[in-house]
Amino acid sequence: MDIFTDGMIMFPASGVFASLGGMGVSLFFVSTVISQFIYSFGGSQFAGANGSMMIETVPFFHIIASTIEREIGKEHVREVIATTLVAYALSSVLTGLTFLLLGYLRLGVIIGFFPRHILVGCIGGVGVFLILTGLTVSTRLPSDALDPPTWDTLQYLTTNTHALGQWMPPLALAILMRIITSRWKHQLVFPIYFLVIPVVFYVIVIAAGLDLDRLRRDGWLFDSAGTTGSEGWYEFYTYIDLGLIKWTPMWNTLPTQFALLFFNILHPPLNVPALSVSLNQDIDTNKELVGHGLSNLISGFLGSVYARLLLRRAMFYRVGGGNRIAGLMLALVTLLILMVGTAPVAYIPVVVVGALIFALGIDLVKEALWDTRYRVSWTEYVTIVSIMVTMTVWDFVIGVLFGIIVSCVFFVVQNSRRRSIRACYPGNAAMSTVRRPAAHRAYIHDVSKQTRIMQLQGFLFFGTIMRVEEKLRSIVEDPDWRTNPVRFIIVDLTLVPGVDMSAGEAFVRVQRLLAAKGVVLVFCGVESELGVGKALANSGILEEQGVEVFESLNDALEWTENEYLGAWFRLQRAGSVPVALPERQGEGVGFHEALVGSPRERYLRDAGNRTIVGAGLYLSRTEPFSSGIAPEPLNTLLKAFQSYEEIDRDVLVRLSTYFTRLSLPSGHVLWDVGDTPDGLYIIQSGVLRASYRFGSHTRIIGESMVSGALAGELSGLSGLPRNARVAVEREAVVWWLGREALRRLEREDAELAWTFVRMVLKAAQVDTDVLLAALASR
């Protein structure tokens, strides 16, 4: 039934093509037979696969045919038909080559990611086209009578009694069929319904004694099966003559050909998985695409049209057709009907074809407008409606392009509304994993109020960068700037997959404003040679003065903390002991010189006096030590523990006798993951670096340890295996409390041992909290 009804409307029902309904049926039969044989002989993984032309392609065929007829002229009948047939075949060849390429490159799954609502809009446009075609077929009007509809045509369809009698019964039958199938879901209802209609029609004709020729003249039966009726099913081959083909008009149809190609390739990657789910069969989509490509390539070279695997043929499986023998039998039966010819078309009631076209059109419009009303967003629904309107009023090619453009616009608008700023907070809310003396941490926590951390997410493009730029500007243009100035702005790009040119230029504009305010812009979460790093480098932002780049937020925080500490030590030109800082201290940004006499300098001095000096790490010259500084390891013990509680000097002196001094060269590995602990260490000078790996899927977490920090304290006390790798990053002097020395301490002075363990646990608690906070901020 599909072959007769769909084939009858393959050509426009006007002009040169007015009597080519039978030829369209023949083309439909040929493509169906070819695809059925290819699928049955292994071209499809579905053993009982069915292939057939897709009615949704008919509007594109009409555009191709009308374009060729318009450019060649209606008076050149054979040239128009020959060029049109070759253009139809070319569309099948292009589709076949594309399917073969997609299948060979295994790109079938990617096509499935194309926006579904654009395809739905195209299907809805085809539905409207079929409803209009149902009107023209039923009333025997030219196919372009409603393209666009004129007032005279509308008046004829709504006021002429004969016209109303022609199109209203098919429409009523289509609606009745949908009402019936909505209640009875059996798949045989549809074919039985449309087999009953012609039976009833001829019962009425016989009962009333009506003349068939009179019915044909009045538009109740089709005029003829073919162009002349003298040839068989192969009549269309008599028109394919290279001498008659006009190549220029055919090349002018290429835009429509590519639009049809685009429409064709969207269906199999969507239908094949759906059919495999329906039949509970595991299918490789790429292999199916190869089969589709081979089928359409052969069909095109044999002068026929595009065909695809039919999704609705799951019924064929359920009635015993799930094997290749059944598929071959179906192909042979179809071939037999093809050999009979198209003469039976002249006896098909127009009301049957009209009802079926109306039913298909209503189905497609319902699928596009009604079924999606609660399943898609309002922007997608607007896109669907706009595609349908554009296809109906203007052109199918324009409708497809318009849908893509509208979708792109909505995509930009929707993504520009997404929050690209994940978080923005002051620097004292997050600290690096560097283990420092408590006084240093207190100082950094205080002065880090001059740091702002902005964590971004999502792709940064012209639609999202505006809010980021506004936020960055607001930080330095805040009315409280003079009382609460900012020194560093850290922009975390870890969750940013890409940056476009507009975003890169926005960062350049912001950086120049920040540089004028003496603010350093720090990027982190960036790999210089890949993705975001490359995009930033191309924008020139990384070459600007006052810009730093680090691979992680922890590295960026560590660098700013080192800058704050370095600034404090430079401000104390005398009476302070230099502290080695980790390697990530960078080249420096002239912090001290840039801040002379500024509120930021005064704040640093005040914070240092409250924390570092107030903690008493650097002993005044009134202390009872000849050098003014406690001897080692007493000074190191003071740095490590004095900030946590009041400590009796005698306690530290007694503890110092149990420690052993070790000098460690750069690169030396103290221990690795899983090693048996040999004790704990307190760092006098230099830098140690710990590397944690909490899982094979996670990145390595780095933790630097500087003067006054403890290393290996928890595993050293508990005796559990080491959970990190620790190496010397910068030549270091450490004080080691070995396992034997710890046991000796416990035997000789249990109270002192308990005091020491309590102080170590306090320091470890702070270090653990800092590490957890750093992990939580990732």
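**Entry 1: the model**
I worked from a predicted model. I read every value below with that in mind.

**Entry 2: aromatic pairs**
I started with the ring pairs. The count came to 20 aromatic pairs. I picked out phenylalanine 488 with tryptophan 559, an edge-to-face pair. Their ring centres are 5.4 Å apart, and the planes make an angle of 75°. That angle is over 60, so I logged the pair as edge-to-face.

Where do the two partners sit? Phenylalanine 488 is in strand β5, residues 488-495, and tryptophan 559 is in helix α24, residues 553-571. The pair therefore ties together parts that lie 71 residues apart in sequence.

**Entry 3: burial around tryptophan 559**
Phenylalanine 488 is buried, at a relative accessible area of 0%. Tryptophan 559 is also buried, with a value of 0%.

**Entry 4: a ring cluster**
I then looked for linked rings. Phe11, Phe17, Phe61 and Tyr88 are joined into a cluster by ring pairs.

**Entry 5: charges over rings**
I went back to phenylalanine 488 and checked its face. Arginine 487 lies over it, 5.8 Å from the ring centre. I found another such case at tryptophan 671. Arginine 722 lies over the face of that ring, 3.8 Å from its centre.

**Entry 6: serine 92**
I looked up serine 92 next. It is found in helix α4, which covers residues 77-104. Is serine 92 buried or exposed? It is buried, with a relative accessible area of 0%.

Which residues does serine 92 touch, leaving out those up to four places away in sequence? I listed Asn296, Leu297, Ser299, Gly300, Ser304, Val305 and Tyr306.

**Entry 7: helix α27**
Last, I checked helix α27, residues 634-641. How many of its residues are buried? I got 8 of 8, and the helix is mostly covered. The buried residues are Leu634, Asn635, Thr636, Leu637, Leu638, Lys639, Ala640 and Phe641. I noted that Lys639 is among them.

Note on methods:
Residues numbered from 1 in each chain as written. Predicted model: local features only at pLDDT ≥ 70, side-chain atom pairs only at ≥ 80, totals over all residues. Heavy atoms only, no water. Phe/Tyr/Trp six-rings, centres within 6.5 Å; stacked < 30°, edge-to-face > 60°. Helix = DSSP H or I, 4+ residues; strand = E, 2+ residues; numbered from the N terminus. Buried < 20%, exposed > 50% of the residue type's maximum accessible area, 1.4 Å probe, protein only. Lys NZ or Arg CZ within 6 Å of the ring centre and 35° of its normal. Contact = heavy atoms within 4.5 Å.
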